[in-house]
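Colleague: I'm new to this one. Could you show me how to read its features?

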Amino acid sequence: RRQRQMCIRDRIATLLTVFAALLQLGIAQNLFQQPLAAPIFPLVIIAGWGAMRGLGEIVPGAALAAIALGVASEERTGWFLFAMLPTVLLILPALALRPSQRMLLAPVAAALGVIAYQGLLYLVDGVAFTAIVESDALLRGTLYSAAASLLLASACWALRPQPPDNGLFI
């Protein structure tokens with residue numbers, strides 16, 4: 001039963017991350033005039049879910065999100081995988097932390113991950129100076145992503161499995 005629950009959670013995390021990549025491709029570009037000001041939805045899922053549930057559930061989704069982003073853009077899929085790597089590495093020690101510390105790790109990982117993600121992709125495109133000039137937009141996108149990952153981590157915390165209540169003395 002426990003193995004089946006973990007499999008379902010893995011699938012949910014993977015679907016959420018791929019859906020976030022599709023949102024990134026469609027809605028994020030239309031909602032924000034400056035691309036740097038948009039939150040990076042796949043990184044929000046990776047940071048929020050990964051911090052609270054662990055990397056085992058989120059890594060397949062991160063890979064599929066990078067593939068979806070790579071297929072739909074001019075960049076290679078490998079660049080998206082490489083750009084998501086800092087967020088994944090920042091989440092790595094999450095399970096060794098207490099839950100309250102994991103909750104705080106999610107926005108930090110998302111914020112630093114967005115800066116690394118945008119910086120790498122702008123560097124690969126040869127327009128890294130644009131990211132420096134539009135640093136206010138990058139800061140907004142970073143803050144939006146950090147806040148969204150904190151909300152997701154809070155939701156994961158609230159929906160965590162509870163031990164059964166066996167009464168007062170058991």
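This is a predicted model: local features need pLDDT of at least 70, side-chain atom pairs count only at pLDDT 80 or more; totals for chains, interfaces and linings use all residues.

Modeller: Let's start with rings: those of Phe, Tyr and Trp (its six-membered ring) pair if their centres lie within 6.5 Å, with planes under 30 degrees apart counting as stacked, over 60 as edge-to-face and the rest as tilted. Here, a search of the whole structure turns up 3 aromatic pairs. Residues are numbered from 1 along each chain as its sequence is written, and side-chain values use heavy atoms, leaving out hydrogens and water.

Colleague: How are the rings of phenylalanine 32 and tyrosine 144 arranged?

Modeller: In general, you describe a pair of aromatic rings by the distance of the centres and the angle of the planes. The centres of phenylalanine 32 and tyrosine 144 are 5.8 Å apart and the planes are at 40°, so this pair is tilted. Phenylalanine 32 sits in the loop between α1 and α2 and tyrosine 144 in helix α7, so the pair ties together parts 112 residues apart in sequence. Helices (H or I, at least four residues) and strands (E, at least two) are DSSP runs, numbered from the N terminus.

Colleague: And what kind of pair do tryptophan 79 and phenylalanine 82 form?

Modeller: An edge-to-face one, 6.5 Å centre to centre with 65° between the planes. Tryptophan 79 and phenylalanine 82 are 3 residues apart in helix α4, so about one helical turn separates them.
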